[in-house]
Structure formats: C-alpha cells, structure tokens
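Below are my notes on the model you sent. They are in numbered points, from the overall layout to single residues.

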Amino acid sequence: LSVAEAVANQIATVIDWHGLRFFVVGKDNETLQAIVLRSTVPHYPNQRPEQFQIKVGLGLAGHVAASRVAEIVSDVRADPRGAKIPGTADVDESMIVVPLVFEDAVLGVLALIRLGRGAFDATDLRLAQIVGAQAAVALYNARQLEELERRGGALERRLASQRQLLAITERLLLTRDRSAVFEAIADTLAQVVPHDTLTIYL
C-alpha cells in the first residue's frame, strides 16, 4: 500500500469527501503530479492522472504548494485560481487544499472536494492538516528508504566489481607465463565488463 493510498484510506475515516486528489512534487521541483485520484460520487469517476499535471504556483493546488498555507476554498467555481477539468460539468464545489511540508521542503499537496458551496468548516481543515502532516513525514521516510535502497544497490555492484578486480590481480600475481597472464585478464574482464571482442596491446 503506497503512502498516498494509505492517506486516502485514513482521511476517509475522519472527513467526509466526494473527491480526493493526492499530488507529489516531481523531480524538477516545479510540477505537481497526481498519483491518487478517488471519488465517491458520479461527478468525478473518469478523472485521470494526466489531467492533473500542475505547475507549482498555478491552480489551487499549485498556489497552496507555493504558499505552503492550507486553505478552505468555499466556492471553487468562483475562485479565479481554479481551472475547469475537461469533461466535467460545472457544479458548485468546496475544497480543502493542504500542502505536505516536511522541514523546509514541499513534498506534495492533498486536496479534498465536496459538492456544494461552503461544505467544509474549520474542524475539517484542522483534521486535514493533521493527516497532511503525517503524510508528509511518511512521504519523506519513503523517499529516504528508496534512496538508501538505490545507494545500497550501487554499493553492492561496486563491491562486486572490486572483488572481481582483486581476483584479476591475484591471478596475475600467481601466473608466470605471459600468455597465461593475458588469458587470465580476458577471462576475468569478461565477468566485469560485458564485451564481444577484447584486444590487448603491448
């Protein structure tokens, strides 16, 4: 279960919503990418992640990512920062938008939607902020784990190459015959660097 899916499950137990959008900041640190979209009403059933690639600073989610301040938007349609999603009907909506901030980094944005104007209150906002803070910590930890696993894999490959190079050195030290030395080099290099042909110049 991903962090975003776990958050969607958790927040559904404390806040009633009709639509949920979970964004993460892309590697360029300039784009919000939707990774989880959920709905409980027919108005939002066909949403696709590619519809929600948003520049930080643009749109409601992008604005909150830039400001780092959670908001209740009581009338989404009347808010000049909002944008209509292609393929959806014009309806009155309310939204809670929460930035996912860990230490000094914005990692994503959580957006909750209800049909109707003024449908969220300050209690809903506070609960969403609490869940958002937990989500930010979980996102950070997940990214740290991913980075450690990546570095661990790279370290394992480096150690394996060093062991193989050490094996070349040991074979060379034990081999007196020149032709046997070259054969030893060729045999061991084949295990370290894949190649079709090998030529050794003296």
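1. The protein has 4 helices and 6 strands, where helices (H or I, at least four residues) and strands (E, at least two) are DSSP runs numbered from the N terminus. From the N terminus on, the order of the elements is α-β-β-β-α-β-β-β-α-α. This is a predicted model, in which local features need pLDDT of at least 70 and side-chain atom pairs count only at pLDDT 80 or more, while totals for chains, interfaces and linings use all residues. Residues are numbered from 1 along each chain as its sequence is written, and side-chain values use heavy atoms, with hydrogens and water left out.

2. Of the 202 residues in the protein, 35% are buried. Buried here means under 20% relative accessible area, with exposed over 50% and partly exposed in between (1.4 Å probe, protein chains only). Among the contacts (heavy atoms within 4.5 Å) with a separation of 6 or more, 54% are between residues 24 or more positions apart.

3. Strand β1 is mostly covered, with 7 of its 7 residues buried. Gly19, Arg21, Phe23 and Val25 point one way from the strand, and Leu20, Phe22 and Val24 point the other way.

4. Which strands pair with β1 in the antiparallel sense? Two strands are said to pair if DSSP finds at least two bridges between them. β1 pairs with β2 over 7 bridges, and Val25 has Leu32 of β2 as its bridge partner. These two strands form a hairpin with 5 residues between them, and Asn29 in the turn has a positive phi of about 60°. β1 also pairs with β6, over 6 bridges; there, Gly19 stands opposite Ile113.

5. Phe23, in strand β1, counts as buried because its relative accessibility is 2%. Leaving out residues up to four places away in sequence, Phe23 touches Leu32, Gln33, Ala34, Phe52, Ile54, Ala61, Leu100, Leu107, Gly108, Val109 and Ala111. One of these, Ile54, is 31 residues from Phe23 along the chain, and the C-alpha atoms of the two are separated by 9.1 Å.

6. Helix α2 covers residues 59-67, and its buried residues are Leu60, Ala61, Gly62, Val64 and Ala65. An α-helix has 3.6 residues a turn, so residues three or four places apart point the same way. The buried residues of α2 pack against β1 (19-25), β2 (31-39), β3 (53-55), β4 (71-73), β5 (93-102) and β6 (105-115). Just after the helix, Arg68 takes a positive phi of about 65°.

7. Arg114 lies in strand β6 and counts as buried because its relative accessibility is 13%. Its side chain reaches two backbone oxygens: that of Asp16 at 2.5 Å and that of Ala119 at 2.3 Å. Both are polar contacts (a pair of N or O atoms within 3.5 Å; within protein, one must be able to donate a hydrogen and the other to accept it, and residues adjacent in sequence count only if both atoms are side-chain atoms). Beyond four places in sequence, the residues that Arg114 touches include Ile15, Trp17, His18, Glu93, Phe120 and Asp124. Asp92 is also touched; its C-alpha atom is 8.7 Å from that of Arg114, at 22 residues along the chain.

8. The second largest pocket has a volume of about 330 Å³. A pocket is an open set of points on a 1 Å grid over the protein atoms alone, with protein on both sides within 12 Å along at least five of seven lines; a 1.4 Å probe fits at the points, and lining residues have an atom within 4 Å of a point. Grid points are joined across faces, edges and corners, and the volume is the space filled by probe spheres set on the points. The elements that give two or more residues to this lining are β1 and α3 (122-174).

9. What is the make-up of that lining? It divides into 3 nonpolar, 3 polar and 5 charged residues. Ala, Val, Leu, Ile, Met, Phe, Trp, Tyr, Cys and Pro count as nonpolar, Asp, Glu, Lys and Arg as charged, and the others, Gly among them, as polar. α3 gives the most to the lining, with 5 residues. Among the lining residues are Val24, Val25, Lys27, Asn29, Arg143, Glu146, Glu147 and Arg150.
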